[in-house]
Protein chains: 2
Amino acid sequence: MNQDVVLTGDRPTGPLHLGHYVGSLKNRIALQHRCCQFVMIADLQALTDNVDNPEKIRDNILEVMLDYLAVGIDPTRSALFIQSGVPELAELAFAYLNLVTLERVGRNPTVKQEVEQRGMGDNVNAGFFLYPVSQAADITAFKATLVPVGADQLPMIELTNEIVRRFNRIYATDTLVECKALVPATGRLPGLDGQAKMSKSLGNAIYLKDSPDEIWQKVRAMYTDPLHVRATDPGHLEGNVVFTYLDVFASDRAHIAELKAHYQRGGLGDMKVKGFLNELLQAELAPIRARREELARDRAGLLRLLREGTEQARATAEHTLREVRRAMRLDYFTD
Amino acid sequence: MNQDVVLTGDRPTGPLHLGHYVGSLKNRIALQHRCCQFVMIADLQALTDNVDNPEKIRDNILEVMLDYLAVGIDPTRSALFIQSGVPELAELAFAYLNLVTLERVGRNPTVKQEVEQRGMGDNVNAGFFLYPVSQAADITAFKATLVPVGADQLPMIELTNEIVRRFNRIYATDTLVECKALVPATGRLPGLDGQAKMSKSLGNAIYLKDSPDEIWQKVRAMYTDPLHVRATDPGHLEGNVVFTYLDVFASDRAHIAELKAHYQRGGLGDMKVKGFLNELLQAELAPIRARREELARDRAGLLRLLREGTEQARATAEHTLREVRRAMRLDYFTD
């Protein structure tokens with residue numbers, strides 16, 4: 001078996017939305033059939049910038065779990081686990097802190113940018129600043145060979161591989177395994193308002209759990225072409241969110257090409273196109289929502305699944321940690 | 001029982017010397033009778049600046065253990081444990097990283113000074129830079145109320161108490177306990193060469209395990225008064241290491257006062273004073289060395305003691321971590 005090992009996951013800061021669905025969840029459903037996949041609910045990472053708000057993290061763990069199961073991530077094929085349930089990850093991260101300089105971590109453009117965006121400056125908390133080291137621990141604990149990430153996260157993969165090489169060289173071992181980034185071919189799904197990213201904080205997202213009415217209200221409010229005032233006006237496709245979504249969700253390419261041409265020459269109203277997109281989204285989300293509602297009735301069952309997945313993940317992480325400790329000569333009681 | 005809890009310990013980077021004996025070991029022998037004492041062999045902390053040299057740390061763990069037992073630290077009264085054997089410490093440290101800014105840690109004068117002294121600059125590794133946060137985890141895991149430290153380490157205690165207050169405030173709990181520094185009344189024992197600190201790297205230390213001949217050779221080479229060339233010359237006491245040691249190790253104060261007066265007015269040779277100090281040190285160290293040699297014969301027994309102490313320490317740290325996780329609402333599987 002020369003199977004790839006995948007580590008992926010989400011920060012439980014809210015229920016998952018169409019951006020997650022298109023950008024990562026669908027990919028995981030495919031990957032679980034040909035890889036050994038670990039899906040982590042990253043509660044500790046979420047805490048790094050939600051220190052004051054642990055309830056938010058707690059409340060969203062089962063929401064994320066529900067989203068995973070509802071879209072078809074199969075707990076018999078993927079280990080769904082909670083980060084804080086695998087204490088070996090903290091031990092590994094702690095060992096890795098000695099393998100990176102502060103300056104090296106600070107050079108990570110993602111950290112740099114996020115620190116700037118959130119106006120943290122020098123007041124960045126140490127946990128947030130160091131989360132790429134924690135991610136290196138998450139990835140290497142499972143000896144992941146494939147890590148699905150956005151293009152903006154490539155420097156994090158690079159840092160992880162630097163740590164892997166440094167560890168293996170210093171301790172003359174091949175315990176840790178380098179990984180490859182798996183960057184999705186399709187770009188990110190924009191927000192309803194046309195912003196590049198769909199996110200809870202921007203309030204521009206359609207959630208997998210949204211009701212039919214919520215979906216329709218959100219589609220109605222989508223950003224289109226501000227110059228396209230009357231149906232008869234010629235419309236523009238660039239930055240037109242409705243058409244971007246149609247490109248993603250419609251399977252009938254010819255029909256979409258036709259709609260686009262019609263829209264561009266004038267005579268096709270926004271509400272008509274939105275109505276069509278709405279139908280597609282409703283059809284896509286209805287079965288997911290139904291499964292989600294059914295699963296949500298059995299909270300104990302969800303917790304049991306999460307606990308089982310966590311035990312499975314922990315067994316793997318424990319195995320790696322034992323090897324790491326042996327390589328570091330920290331195995332005093334076992335010789 | 002309103003007993004103080006003490007956390008103390010050493011980095012296992014070499015066998016312990018007279019400076020440790022006077023500055024901390026003797027104190028621990030006293031404290032173990034009236035406090036609940038945890039004595040940590042800080043292997044992970046030692047690794048923060050010995051990444052490339054894990055063997056050095058490993059080789060010195062039992063050396064330190066031997067020194068502890070030989071001087072009279074009683075494993076039935078003090079829990080002697082190894083830091084890496086208590087993984088809860090890494091978990092706690094990781095949680096605390098979110099409670100301090102990088103800037104706050106960098107303001108720690110001990111870290112600042114050590115980074116400068118070792119010429120690390122920006123190349124300081126993250127583990128070394130953050131070791132005060134790791135120390136906060138070590139202290140709070142045992143709910144230590146008293147922490148014996150040198151005056152230079154007071155900022156570390158302050159940082160620990162800041163973390164304690166911040167944690168208790170954010171999570172509306174009284175789980176963590178503030179501690180007090182216990183700064184020894186007597187100053188540091190200087191090195192044989194008159195430098196302020198006795199240390200392995202300076203090569204100016206008498207070790208608890210030194211042979212009678214090694215002790216005598218080191219006493220003979222001690223720094224005295226460079227102006228005191230002939231025995232008949234008047235001698236100076238300031239910076240005269242032999243007399244500093246006599247002040248510490250001689251119990252007959254009147255006799256020492258007499259020797260000092262004689263030395264100052266001239267007519268008392270260095271070798272004579274050194275001979276007297278040698279007698280005192282030999283008498284102090286002979287029984288320690290004998291016990292040490294006997295204990296060293298039973299390596300398995302030493303490891304067993306260390307393992308038992310580690311289990312005891314771990315039980316306490318586990319209890320604290322459970323409370324911490326409950327306070328942080330990370331106890332998903334227990335409600």
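1. In α10(A), the residues Pro212(A), Ile215(A), Trp216(A), Val219(A) and Arg220(A) meet Lys274(A), Leu277(A), Asn278(A), Leu281(A), Gln282(A) and Leu285(A) of α13(A). Two residues are in contact if their C-beta atoms, placed from the backbone, lie within 7 Å. By class, this contact of α10(A) with α13(A) has 7 nonpolar, 2 polar and 2 charged residues. Ala, Val, Leu, Ile, Met, Phe, Trp, Tyr, Cys and Pro count as nonpolar, Asp, Glu, Lys and Arg as charged, and the others, Gly among them, as polar.

2. The model is predicted: local features need pLDDT of at least 70, side-chain atom pairs count only at pLDDT 80 or more, and totals for chains, interfaces and linings use all residues. Residues are numbered from 1 along each chain as its sequence is written, while chains are lettered from A and ligands numbered from 1 in the order in which they are written.

3. Helix α10 (residues 212–220) and helix α13 (residues 270–296) of chain A pack at an angle of about 145°, and their axes are 10 Å apart. The axes are lines fitted to C-alpha atoms over the stretch in contact, with angles from 0 to 180 degrees between N-to-C directions. The crossing of α10(A) past α13(A) is right-handed, that is, the near helix is turned clockwise from the far one by less than a right angle.

4. Chain A contains 14 helices and 5 strands, which are DSSP runs (helices H or I, at least four residues; strands E, at least two) numbered from the N terminus. Of its 335 residues, 43% are buried, meaning that 20 or more other C-beta atoms, placed from the backbone, lie within 10 Å of the residue's own. The C-alpha atoms of chain A fill a box of roughly 80 × 45 × 40 Å along the principal axes.

5. Chain A is superposed on chain B by a rotation of 180° with 0.0 Å of shift along its axis (RMSD 0.1 Å). That is the relation of a two-fold axis. Ala90(A) is the residue of chain A closest to the rotation axis, at 3.0 Å (C-alpha).

6. The contact between the chains takes 41 residues from chain A and 41 residues from chain B. Among the elements of chain A that give two or more residues to this side are α3 (54–71), α4 (88–96) and α14 (299–327).

Note on methods. Buried ≥ 20, exposed ≤ 12 C-beta atoms within 10 Å, placed from the backbone. Least-squares fit on C-alpha atoms with pLDDT ≥ 70 in both.
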